[in-house]
Amino acid sequence: MQPKKNIVHLPVYQPGKPIEEVKRELGLTEVIKLASNENPFGCSEKAKEAIASEIANTSLYPDGGAVELTAALAEHLGVEPNQIIFGAGSDEVILMISRAYFEAGDETVMASHTFPQYKHNAEIEGAVCIEVPLQDGTHDLEAMLEAITERTKVVWICNPNNPTGTMVTHEQIEAFMKKAPSNVLVVLDEAYAEYNTTSEYPDGFRLLKTYPNLILLRTFSKIYGLASLRIGYGVGHPDVIRSINQVREPFNTSRFGQAAALAAVKDQAFIDRCRKENAAGIRYLTGEFDRMGLSYYPAHGNFIMVDVKRSAADVFNGLLRQGFIVRGGHQLDFPTKIRVTVGSQEQNEKFIRALENVLAEIGVEA
C-alpha cells in the first residue's frame, strides 16, 4: 500500500535521547537530561495529588469537553470558556489548526528555524510552506508580512522561539497584527510564556480583544511540569475555536491530564517559584558562558542556545560521554551551537564543569 505522496519525504520527529538509553549505551550511572526543556522541579504537589485521586476512575472516559478545566482556565486567563480548546499537548492544537484550515495548495508562513511541527502538519495537509530566515535568531516580522500572499491561510510565530529562545515584543506583534490581512490566521505559540520576566513580552490576551484572526497556543508541558500527560490549549475568537473543534478527536485529553492541569492552575505559587528559579539559572549559565567567551542568543524561555565555536556534533557527543543530554545544533541547522535546558542550580553547575571538560578535550576553535 502506498501512503499519500506528499508525506513520503517528511522526517519522523526525533526526540532527545532517553536517559535510560544513554546509561545503557555508555555504562553511566548518572545522566542529566537537558535536551527537551522539561521542568527540573517537576510539577505541583497538588497536581500529583489530583493524579492519584483519578486512579479509581481509570476505566472511565474523560470529559470530552473538559468543562471543569475550561472554566477554571478561562477564569485564570480572563477569557470566556468558548475561547479555549484543549489538545494532547499544544502539538495537537497545531495539528487541528492545520486540519481545519489548509487545503492542498494553500500557503503558510513561518520562520526558517522554528518549531518543526508547524511545517510538518502543514505539509501533511498539502500546504506550501514559505520559510522566512531568522534575523539574529529572532523572527523577522517585516519580512514575514512581505511573504503573505492571497494564498496565505496561516502565519506561525513561536515566541519565545524554539530553538533559539529569542523573543519579539508586544509592540512588534501589535504592529504585525495591524498590517496582517484579517483573513489570515496568526498563530502565536507561547509554550514558554510563563517563564517571561520582562514587561515587553506580548499581552496576547489584550490583542485577542482587537484581532479575531489571532490564536494563542500554550501548554502544561513546560513550566507546569506535566509533559508526560500531554495537555495543551489554544485561546482565540469563539468562531476560530469552533472551527478547530470541528476536527478535534473525541476524548483527546485524558482524565489524568485534565485533573492535574486543573490542580496546577490553582497552584500559581509553584509557577512563581519555577519562574524565579529559571531566571536565576539563566543568569548563572549566561554568566558562565561570558566567562568562557561563548556567545549565546538572549534567552526568554527555559533554555539557551549557545555557540560553542566548535562542531556541535563533537560537543554533543562529548557531553553524552560526560552524562549530559543536550540538543546538538547539528540536528537543528546550527552547526556550532547547542541548545541546553536550564536545570536546577546543581545540574547547571555540573553541566558547566562537563562543558569545560569537553571543550578542553576538543581543543581550540575550528
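A: Here is a short tour of the sheets, the helices across them and some salt bridges.

A: One note before we start: this is a predicted model.

Q: Fine. What's the strand order in the open sheet of seven strands?

A: The order is β2-β8-β7-β6-β5-β3-β4. Pairing in this sheet is mixed.

Q: Which are the edge strands?

A: β2 (84–87) and β4 (128–132). Each of these pairs on one side only.

Q: And how much are neighbouring strands turned against each other?

A: By 20° on average, ignoring direction.

Q: Let's zoom in on β7 and β8. Parallel or antiparallel?

A: Antiparallel. β7 covers residues 214–219 and β8 covers residues 232–236. Five bridges join the two strands.

Q: What is the bridge partner of leucine 217?

A: Glycine 234, in β8.

Q: What holds paired strands together, in general?

A: Backbone hydrogen bonds, in either a parallel or an antiparallel arrangement.

Q: Back to the sheet. Which strands does α5 lie across?

A: Helix α5 (residues 117–124) lies across β3 (107–111), β4, β5 (152–158) and β6 (185–189). The helix runs at about 155° to β4.

Q: Switching to salt bridges. How many are there?

A: The count comes to 18.

Q: What does lysine 119 meet in a salt bridge?

A: Glutamate 131. The N to O distance is 3.0 Å.

Q: Next pair. How far apart are the closest N and O atoms of arginine 291 and glutamate 288?

A: They are 2.6 Å apart, and the two residues form a salt bridge.

Q: Why are arginine 291 and glutamate 288 about one helical turn apart?

A: Because they are three residues apart in helix α11 (residues 268–292).

Q: Is glutamate 288 buried or exposed?

A: Buried, with a relative accessible area of 16%. The cut-off for buried is under 20%. Arginine 291 is partly exposed at 49%.

Q: Which strands does α11 lie across?

A: β9 and β12. The helix runs at about 5° to β9.

Q: What's the strand order in the open sheet of three strands?

A: β9-β12-β11, with antiparallel pairing. The edge strands are β9 (303–307) and β11 (327–328), and each pairs on one side only.

Q: How many bridges between β11 and β12?

A: Two, in the antiparallel sense. β12 covers residues 337–341.

Q: What stands opposite glycine 328?

A: Isoleucine 338, in β12.

Q: One more salt bridge. What does lysine 350 pair with?

A: Glutamate 346, with the closest N and O atoms 3.3 Å apart.

Q: Is glutamate 346 buried or exposed?

A: Exposed, at 52% relative accessibility. Lysine 350 is partly exposed, with a relative accessible area of 23%.

Q: Which residues are joined into one network with Lys350?

A: Glu30 and Glu346. The network comes from salt bridges that share partners.

How values were computed
Residues are numbered from 1 along each chain as its sequence is written. This is a predicted model: local features need pLDDT of at least 70, side-chain atom pairs count only at pLDDT 80 or more; totals for chains, interfaces and linings use all residues. Side-chain values use heavy atoms; hydrogens and water are left out. Two strands pair if DSSP finds at least two bridges between them. Helices (H or I, at least four residues) and strands (E, at least two) are DSSP runs, numbered from the N terminus. Axes are lines fitted to C-alpha atoms, for helices over the stretch in contact, and angles run from 0 to 180 degrees between N-to-C directions. Contact means heavy atoms within 4.5 Å. A salt bridge is a side-chain nitrogen of Lys or Arg within 4 Å of a carboxyl oxygen of Asp or Glu. Buried means under 20% relative accessible area, exposed over 50%, partly exposed in between (1.4 Å probe, protein chains only).
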